[in-house]
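Here is a friendly walk through one protein model, meant to be read with the structure open beside you.

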Amino acid sequence: MPLPQLTVYRQDRENRALITLSGEIDLESAPLVRASLERCLRDGIRAIDVDLTPVTFCDCSGLNAFLRAAQQATVIGGTLRLHHPPTTLARILDLTDCGFLLGLPPDRLSPPLRGTPAAPAPVPPHGSVPLAPVLSGDVR
């Protein structure tokens with residue numbers, strides 16, 4: 001059995017969730033991202049912070065999953081914010097100029113394309129509870 005391509009960790013605090021993704025987000029794993037974010041919204045979460053620090057790759061299918069979830073959150077009065085996008089996603093966000101839809105100001109995007117290094121956005125604290133994987137695996 002192949003190793004999981006993407007692991008999703010979730011930590012809730014009242015109506016806020018910290019989602020930490022680890023691995024690669026591409027056409028095969030984007031449905032797992034989409035399902036995880038939709039589950040948060042169904043569970044009554046209205047503020048979703050997505051930490052992408054451990055993500056090594058994210059293509060436009062991952063961006064689409066984030067944009068869809070952000071739109072769904074906005075419709076119900078919620079928010080979705082990305083933190084620490086990997087270089088691949090930062091470049092796509094820079095080219096499409098849609099980072100603001102995901103809570104990313106222009107100076108948080110790809111330093112090579114913007115010309116100046118940006119300080120990482122802080123991830124909101126969610127207590128001292130260790131993260132445990134809630135979803136993991138290859139999506140087919």
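The side chains of aspartate 12 and arginine 10 are joined by a polar contact of 2.8 Å. A polar contact here is a pair of N or O atoms within 3.5 Å; within protein, one must be able to donate a hydrogen and the other to accept it, and residues adjacent in sequence count only if both atoms are side-chain atoms. Please keep in mind that this is a predicted model, in which local features need pLDDT of at least 70 and side-chain atom pairs count only at pLDDT 80 or more, while totals for chains, interfaces and linings use all residues. Residues are numbered from 1 along each chain as its sequence is written, and side-chain values use heavy atoms, with hydrogens and water left out.

Aspartate 12 sits in strand S1 (residues 6–13). Helices (H or I, at least four residues) and strands (E, at least two) are DSSP runs, numbered from the N terminus. Not counting residues up to four places away in sequence, aspartate 12 touches Ala17 and Ile45, where contact means heavy atoms within 4.5 Å.

Most residues other than glycine have a negative phi. Glutamate 14 has a positive phi, near 55°, and histidine 84 has a positive value too, near 60°. Histidine 84 belongs to the loop between strand S5 (79–83) and H3. Glutamate 14 counts as exposed at 76% relative accessibility, whereas histidine 84 is partly exposed, with a relative accessible area of 23%.

Now for the interior. Valine 50, in strand S3 (residues 47–51), has 0% relative accessibility and therefore counts as buried. Which residues does valine 50 touch, not counting residues up to four places away in sequence? They are Ile19, Leu21, Leu37, Phe66, Leu80, Arg81, Leu82 and His83. Valine 50 and leucine 102 are 52 residues apart in sequence, yet 9.7 Å apart in space, C-alpha to C-alpha.

Serine 61, in helix H2, is also buried, with a relative accessible area of 13%. The side chain of serine 61 reaches the backbone nitrogen of leucine 27 at 3.1 Å. Leaving aside neighbours within four places in sequence, serine 61 is in contact with Asp26, Leu27 and Ala30.

Two packed helices are described by the angle between their axes and the distance between the axes. Axes are lines fitted to C-alpha atoms, for helices over the stretch in contact, and angles run from 0 to 180 degrees between N-to-C directions.

| Helix pair | Axes come within | Crossing angle |
|---|---|---|
| H1 (residues 30–42) and H2 (residues 60–75) | 9 Å | roughly 15° |
| H2 and H3 (residues 87–96) | 10 Å | roughly 70° |

The angle of roughly 15° between H1 and H2 makes H1 roughly parallel to H2. Angles under 35 degrees count as roughly parallel, over 145 as roughly antiparallel, 65 to 115 as roughly perpendicular and the rest as oblique. The H1 side of this contact is made by Ala30, Val33, Arg34, Leu37, Glu38 and Leu41, and the H2 side by Ser61, Gly62, Ala65, Phe66, Arg68, Ala69, Gln72 and Ala73. Glutamate 38 touches Arg68 and Gln72, not counting residues up to four places away in sequence.

The crossing of H2 and H3 at roughly 70° makes H2 roughly perpendicular to H3. Cys60, Leu63 and Phe66 of H2 meet Leu89, Ile92, Leu93 and Thr96 of H3.

Finally, the whole chain. The protein has four helices and six strands, following the pattern β-β-α-β-β-α-β-α-α-β along the sequence. Buried residues make up 43% of the 140 residues.

Methods: Buried means under 20% relative accessible area, exposed over 50%, partly exposed in between (1.4 Å probe, protein chains only).
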